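Open the model in your viewer and keep the selection panel at hand.

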Amino acid sequence: MRQHRRTLRLLGSLLLVAMAASVTGAAPAPAASPTPLDRVIPAPASVAPGGSPYRITRGTHIRVDGSRETRGVGEYLAKILRPSTGYRLPVTAQGAGGIRLRLAEGPFGAEGYRLDSGRGGVTITAAKPAGLFHGVQTLRQLLPAAVEKDSVQPGPWLVAGGTIKDTPRYGWRGAMLDVSRHFFTVEQVKRYIDQLALYKINKLHLHLSDDQGWRIAIDSWPRLATYGGSTEVGGGPGGFYTKADYREIVRYASARHLEVVPEIDMPGHTNAALASYADLNCDGVAPPLYTGTEVGFSSLCAGKDITYDFVDDVIRELAALTPGRYLHIGGDEAHSTSHEDYVKFMDRVQPIVAKYGKTVVGWHQLTGATPAKGALAQYWGLDGTSAEEKARVVKAAQNGTGLILSPADRVYLDMKYTKDTPLGLSWAGYVEVKRSYDWDPGAYLPGVPGGSVRGVEAPMWSETLENSEHIEYMAFPRLPGVAELGWSSAASHDWERYKGRLAAQAERWDALGIEWYRSPQVPWDSAAR
């Protein structure tokens, strides 16, 4: 009987502890291991694990300094953590402990950070707000994938103990979205921005015009959007961004430390503009709108003065909308423009970009003319591109033109994974996950000076893509690998180790509702165990 009473008292005590824990949120953590510090993508520059983990609880605060930028990063983090944890997580400049975001001088550069984690809290330190933001992305990946869900999850919310010191290899880590072949709404673009931010991408290149659609309102040439934007591949209704729409995309990207790089492709890929204004054609006759997928048949008229009035107006209005440094003028696949006219056109257009305070970016065919001082050329050739074409790009780099590497048979995210992939194209070959990851941007074009490579970019062309699910299926799981190529050191590059870290991301994609391709090259099931 005495033993029975002792058992009842013990059970009663345990019940009281459990009830108290449910009120305070301080229940002992179930057996769980925090995510190792070196499990994130992109791979950090250095990792020193050690000490006790930090546990986010109901009493955790997010502590920031007095700057508006730091508070913005803190509010962003709180917005991610609150739905899944159920905690208030106030953002405050008072107190100590918890999660601390601080700006301080140090060896961080513009985007680097240091993350320190221990029993007393997590501190992210950076010299600039972008570094704090990138540190927050690392913190997200160190927490259980369920932290990404929009309903309360059980936790526990543990962050492994130790220190991460991290800076990017390249300053240009981009992703391009083609909104011309198929139009994507502001909300769809925002969704992609959020996915890019998780992997520390810092440039959003928007392909705003092509043969199939013109997607940005230009007040001085209104029919570009209202008529030239009225269709898309396959004959759908198309669409365009008002200036307010575009400003909202720029604002949203900027809040996630992505710079928008707008592209108006010219002198080719211009049928939507030519159809909208007959005077832009050499013969003065407007062609019909185009909804197919062929390339190379259209050209602005390099010999007409109105062409350069048109270009001046478009660049002036677009530059005024774009706070970033760069404006992309295309220049690819201008097969209907003679070499003489192409050179003449680029010689006249590049100074217009400079006049409105922007730096020229063009596809690598720009190197067939004379790239402006400071211009960047975006290389999209293949491993098998002719030696002559590669040599021209290498020579331009040796003469001071910076390069962005986007080899189509490596990082074009619209290329099919295999012959059975239901979406995408295959003109550059099939691009499985390993092929997309397993190359070194710094050594890709022999003869290019090391400092000439400014970074990498993953284009997403949309001939076959119609919605966010299509974009995601083609981006994941390749996009994180491209992000790692841009951020992490060449020495950290190892497919065998990377594929395990990649497999661990799948649960996070599921929590975020991201569609993704289950590549047989990645051990997904082993990561779940």
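The expected span of a helix is 1.5 Å times one less than its number of residues; helices (H or I, at least four residues) and strands (E, at least two) are DSSP runs, numbered from the N terminus. This is a predicted model, in which local features need pLDDT of at least 70, side-chain atom pairs count only at pLDDT 80 or more, and totals for chains, interfaces and linings use all residues. Residues are numbered from 1 along each chain as its sequence is written, and side-chain values use heavy atoms, with hydrogens and water left out.

Select residues 68–85, helix H2. Its 18 residues reach 25 Å from first C-alpha to last, close to the expected 26 Å. Its buried residues (under 20% relative accessible area, 1.4 Å probe, protein chains only) include Val73, Tyr76, Leu77, Ile80 and Leu81. Among the elements covering them are strand E3 (62–64), strand E5 (98–103) and helix H3 (129–142). Just after H2, Gly86 has a positive phi of about 80 degrees.

Next, show the strands. Seven of them form an open, mixed sheet in the order E1-E9-E6-E7-E5-E3-E4; two strands pair if DSSP finds at least two bridges between them. E1 (46–49) and E4 (91–92) are the edges. Zoom to E6 (113–118) and E7 (121–126), antiparallel over five bridges; Asp116 is bridged to Thr123.

Finally, select Phe310. It touches Trp214, Trp221, Leu224, Ala273, Leu280 and Leu300, leaving aside residues up to four places away in sequence (contact: heavy atoms within 4.5 Å).

Definitions and conventions. Buried means under 20% relative accessible area, exposed over 50%, partly exposed in between (1.4 Å probe, protein chains only).
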